[in-house]
Amino acid sequence: DTDRALVLLEEYCKKLRKPEEQQLKKAIRKVMGIFKSSLFQALLGSFKKKSTRHGTTSHTSLPAALTCDVLGCPKD
């Protein structure tokens, strides 16, 4: 749920106060901006419709992909 993710990210951002945490805070705020954008919401809606048509119940791929694109994904 995007709204829940935004709440959790906002709560986490409030805890980031040290100078060395400001880059992370900036990246998280960028992700939050993406989640709030009308383009993201439209893509998410389209993704959910497509997943439902194919019988898939998981909707985490699109948000996870965008988050990895902005923050960088950990190497396996």
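K15 is found in helix α1, which covers residues 2-15. The model described here is a predicted one. K15 is exposed, because its relative accessible area is 66% and the cut-off for exposed is over 50%. K15 and K25 are 10 residues apart along the chain, and their C-alpha atoms are separated by 9.3 Å.

**A link between the helices**

Side chains of opposite charge can pair when their charged atoms come close. How many salt bridges does a search of the whole structure find? The search finds one. R29 forms a salt bridge with E10, and the closest N and O atoms are 3.4 Å apart. This pair links distant parts of the chain: R29 lies in helix α2 (residues 22-36), E10 lies in helix α1, and the two are 19 residues apart. R29 is partly exposed, with a relative accessible area of 38%. E10 also counts as partly exposed, at 26% relative accessibility.

| Residue | Relative accessible area | Class |
|---|---|---|
| K15 | 66% | exposed |
| R29 | 38% | partly exposed |
| E10 | 26% | partly exposed |
| T2 | 12% | buried |

**Helix α2**

Helix α2 has 15 residues, and at 1.5 Å a residue they should span 21 Å; the end C-alpha atoms are 21 Å apart, which agrees. The buried residues of α2 are K25, A27, I28, V31, M32 and F35. Seen down the axis of α2, these buried residues fall within an arc of 165°, so they line one face of the helix. An α-helix has 3.6 residues a turn, so residues three or four places apart point the same way. Which exposed residues does the face of α2 turned away from its buried side carry? That face carries Q23, K26 and K30.

T2 is found in helix α1. Is T2 buried or exposed? T2 counts as buried, because its relative accessibility is 12% and the cut-off for buried is under 20%. Leaving aside its neighbours within four places in sequence, T2 is in contact with F35, F40, Q41 and L44.

A pair of aromatic rings is described by the distance of the centres and the angle of the planes. The count of aromatic pairs comes to one. The ring centres of F35 and F40 are 4.9 Å apart and their planes are at 25°, so the pair is stacked.

How values were computed. Residues are numbered from 1 along each chain as its sequence is written. This is a predicted model: local features need pLDDT of at least 70, side-chain atom pairs count only at pLDDT 80 or more; totals for chains, interfaces and linings use all residues. Side-chain values use heavy atoms; hydrogens and water are left out. Helices (H or I, at least four residues) and strands (E, at least two) are DSSP runs, numbered from the N terminus. Buried means under 20% relative accessible area, exposed over 50%, partly exposed in between (1.4 Å probe, protein chains only). A salt bridge is a side-chain nitrogen of Lys or Arg within 4 Å of a carboxyl oxygen of Asp or Glu. Contact means heavy atoms within 4.5 Å. The expected span of a helix is 1.5 Å times one less than its number of residues. The arc is that of the directions from the helix axis to the C-beta atoms. Rings of Phe, Tyr and Trp (its six-membered ring) pair if their centres lie within 6.5 Å; planes under 30 degrees apart count as stacked, over 60 as edge-to-face and the rest as tilted.
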